Amino acid sequence: VGAAGAANRDGDGSGPFEVHCDGVLHDVVDIRGADPGETILLGSELPVDLEAGSADQQGTYRLAWACESAEARLSWTITAIGHDSGRRVDFTIAGAADDPAIAAGLVIEVDAEQFSCDGVRRPIGTISGSQPLEAIDFQSVPPADVRGTQADGDGSLTLHWVCGRDQAGTTWTITATGLESGRSGTFDVVGQVPGPAETVELSADVREDPFVCDGVGREFAMISNFVPFEVVDFSSEQASGLIDGRADGEGRLPVRWQCDAADVDKTWQLTARGVESGRAITVEFDAAAPPGSLDELAVTFTENPFVCDGESRVFATIANLLPGEMVDFTSPQAAALRQGQADGNGMLPIRWQCGAGDIDNIWDLTATGATSAKSTEIRISGAAPP
């Protein structure tokens, strides 16, 4: 800020200032605009040991830099701040490789030029020679789904490939290009027909069968051996509106289900099909009633008639609701009754309140489970305080 600035040895500029990573200390940047003799503080986001220096009588500090060959293609963003003046400048130093082959293009090593088209995504090789964390663009003829789109901190990345049986016999020519460096390289992949032993079938681990229809959505099965991250389509003749899923990086997908009391005793056949691999599996499972869910609602009173003293308190408990289900209340004599929720045992305490003006009133209350649809009638009468 202010008069501070940075320049390379040949003139003004803001960088990046290139340094050859040969292990030798090189003069790289002149930092100008400091006060004469002022201490210059140096910092970097990358872990690097930077010592403060002192400007000369013209307010200039010459920064020397050394890096090893393994650090070629790294770049360091440096902040220089004058200790007394507070002036600062940001600039970049870029490591340069002495190896012309690395500097000129990407180095591509393909381990599986003959690739089995069995629908399984696997690593096929590596790319090196890009800038650290650089995004890599892939152009393929014919089009292909190439994965491994960003280099790591060393300028390398692993290539992943997948092809289905219908693509066996195809030869793909792929060009990889670093979006920042412009370095590129070309390689081929040839699709092969997989042998019988290479075909991987889907497997389903069903964890709840029969499935309890308590209105709670939860995982009931795990399907394995999809292609990593592929979209999975679900279909069923007994259910509609099913939502697609996506396998994780290990090719696994948990399956969730939900059903209510009206679905008890049903049987579903659920088919899961990998959109990319074409692999499919059908899981059959039955519906069951939750324990106690077929019992009628029962009401136990602790106070009825209810004393109209203006105090709100529990006067009865409803049993045999579904665990956690919501309960709606209606009454022709009372409006805007609050919804309740059963506890984990299917129990719900009911509260009431009335004042002196409600003495001798009678209220007819209907409680209905929102999931089970079970209902009960409750009559409350108001009484005078003793």
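Surface patches here are built from residues with over 30% relative accessible area and no salt bridge, with like charges joined within 9 Å. A salt bridge means a side-chain nitrogen of Lys or Arg within 4 Å of a carboxyl oxygen of Asp or Glu, and areas come from the Shrake-Rupley method with a 1.4 Å probe. Asp and Glu count as negative, and the place of a charge is taken as CG of Asp or CD of Glu. This is a predicted model, in which local features need pLDDT of at least 70 and side-chain atom pairs count only at pLDDT 80 or more, while totals for chains, interfaces and linings use all residues. Residues are numbered from 1 along each chain as its sequence is written, and side-chain values use heavy atoms, leaving out hydrogens and water.

One negative patch turns up, formed by Asp209, Asp265, Glu284 and Asp286. Glu284 sits in strand β24 (residues 280-288); strands are DSSP runs (E, at least two residues), numbered from the N terminus. Another cis bond links Val141 to Pro142, its omega about -10°. Pro142 belongs to the loop between β13 (136-141) and β14 (157-161).

Most residues other than glycine have a negative phi, and most peptide bonds are trans. Asn225, though, has a positive phi near 80°, in the loop between β19 (218-224) and β20 (231-235). Asn320 has a positive phi too, about 75°, and lies in the loop between β27 (313-319) and β28 (326-330).

Key: Patch = residues over 30% accessible without salt bridge, like charges linked within 9 Å, V, L, I, M, F, W, Y side chains within 5 Å. Helix = DSSP H or I, 4+ residues; strand = E, 2+ residues; numbered from the N terminus.
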